[in-house]
Amino acid sequence: MTGPERPALYLYALLGSLPPRPSRGLRVLAVAGLQVAAREVHPETSPRPTVRALRGHDATIRRLARGVDAILPFRFGTVVPGPNELRRRLAPRAAELRRALALVAGREQMTLRVFGAPARRRRGPAARAGGPGARYLAARVRERAVPEIDPIRPAVAAFVRAERAERHQSPPLVASVYHLVDRGRSAAYRAALRRAARAAGGVRLHVSGPWPPYAFAPEPGE
Amino acid sequence: MRKRRRRAPSLVDLRDADSSLLDLVDHLLSKGVVVSGDLTLGLAGVDLVYVHLSALLCAADLVLAPRGRKPRAR
């Protein structure tokens, strides 16, 4: 005979502190010195990325964000079998996750999509010099560089606390750039961007936000 | 008389929920903390979402800024 199945945990976010009021149906677990907002779900839960589910997930993250200074969302659909397994997975990364939480504390994300013709990028001497490690790092920097928005950087520099970027191979979408700005400064960031966008030299920008800092989770192995 | 062609706007501000749905998809399915291992379950078809997401973003650029016209109000 088998006993009742133990619930699994659907993970929403790491929190920098305990939220003042626990949201309905959510638990906040202390795991490896981190606070994890999660919901108990059936162990065979299989979250499907429907528009409704994605919006619901985002709404929960935003509700949690309003109650804490720092939040790092988990990727949608993350289910772990229980607290012990969660601990086993998070403990080795606790230090880097705490650093990431410190970075996003009091901040939120603006998302820029960059459209247009890719800038011609030259491989500098650093790309050819050094050993394989140095060349790999130089290539990694090149992959994430977005020179197309250099003309607008001075205008938004005062607002940007950190940046993540990725280039795309699907023209006319050139790159996605994620800026971390202080909470409450997104309107001023937008206004500065609007003024500076005319100088972007043929590049078109789509801006959205503020978002919870989805793009500022540390990459595995970072 | 030569028709003057207006320049496409250099900045499109996606404030309404519909137009930033693609950003929502990108943020939730390809960003966020990943716990090691195969713990993301039940996301059949997500690879397809990734393949089409950049195409959809490009389409959004065309729809939202067709030759300098403002997007049509719905």
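1. A:Asp182 sits in strand S8 (residues 173-182) of chain A. Helices here are DSSP runs of H or I with at least four residues, strands are runs of E with at least two, and both are numbered from the N terminus. The model is predicted: local features need pLDDT of at least 70, side-chain atom pairs count only at pLDDT 80 or more, and totals for chains, interfaces and linings use all residues. Residues are numbered from 1 along each chain as its sequence is written, chains are lettered from A and ligands numbered from 1 in the order written, and side-chain values use heavy atoms, without hydrogens and water.

2. (Buried means under 20% relative accessible area, exposed over 50%, partly exposed in between, with a 1.4 Å probe and protein chains only.)

3. Leaving aside neighbours within four places in sequence, A:Asp182 is in contact with A:Gly106, A:Arg107, A:Glu108, A:Phe159 and A:Arg161. Contact means heavy atoms within 4.5 Å. A:Arg161 lies 21 residues from A:Asp182 along the chain, and their C-alpha atoms are separated by 7.5 Å.

4. Now chain A as a whole. Chain A has seven helices and nine strands. Of its 222 residues, 45% count as buried. Among contacts in chain A with a separation of 6 or more, 75% come from residues 24 or more positions apart.

5. Helix H2 (residues 83-90) of chain A has the buried residues A:Glu85, A:Leu86, A:Arg89 and A:Leu90. They line one face of H2(A), because they fall within an arc of 125 degrees seen down the axis. The arc is that of the directions from the helix axis to the C-beta atoms. On the face turned away from the buried side are the exposed residues A:Asn84 and A:Arg88. The cover over the buried residues of H2(A) includes strands S1 (8-15), S2 (26-31), S3 (34-41) and S5 (79-80), and helix H3 (94-104), of chain A.

6. Between the chains, helix H1 (residues 51-67) of chain A packs with helix H1 (residues 21-30) of chain B at an angle of about 75 degrees, with the axes 10 Å apart. That makes H1(A) roughly perpendicular to H1(B). (Angles of 65 to 115 degrees count as roughly perpendicular.) Axes are lines fitted to C-alpha atoms, for helices over the stretch in contact, and angles run from 0 to 180 degrees between N-to-C directions.

7. Which residues of H1(A) and H1(B) meet? A:Val51, A:Leu54, A:Arg55, A:His57 and A:Asp58 meet B:Leu21, B:Leu24, B:Val25, B:Leu28 and B:Leu29.

Key. Parallel < 35°, antiparallel > 145°, perpendicular 65-115°, else oblique.
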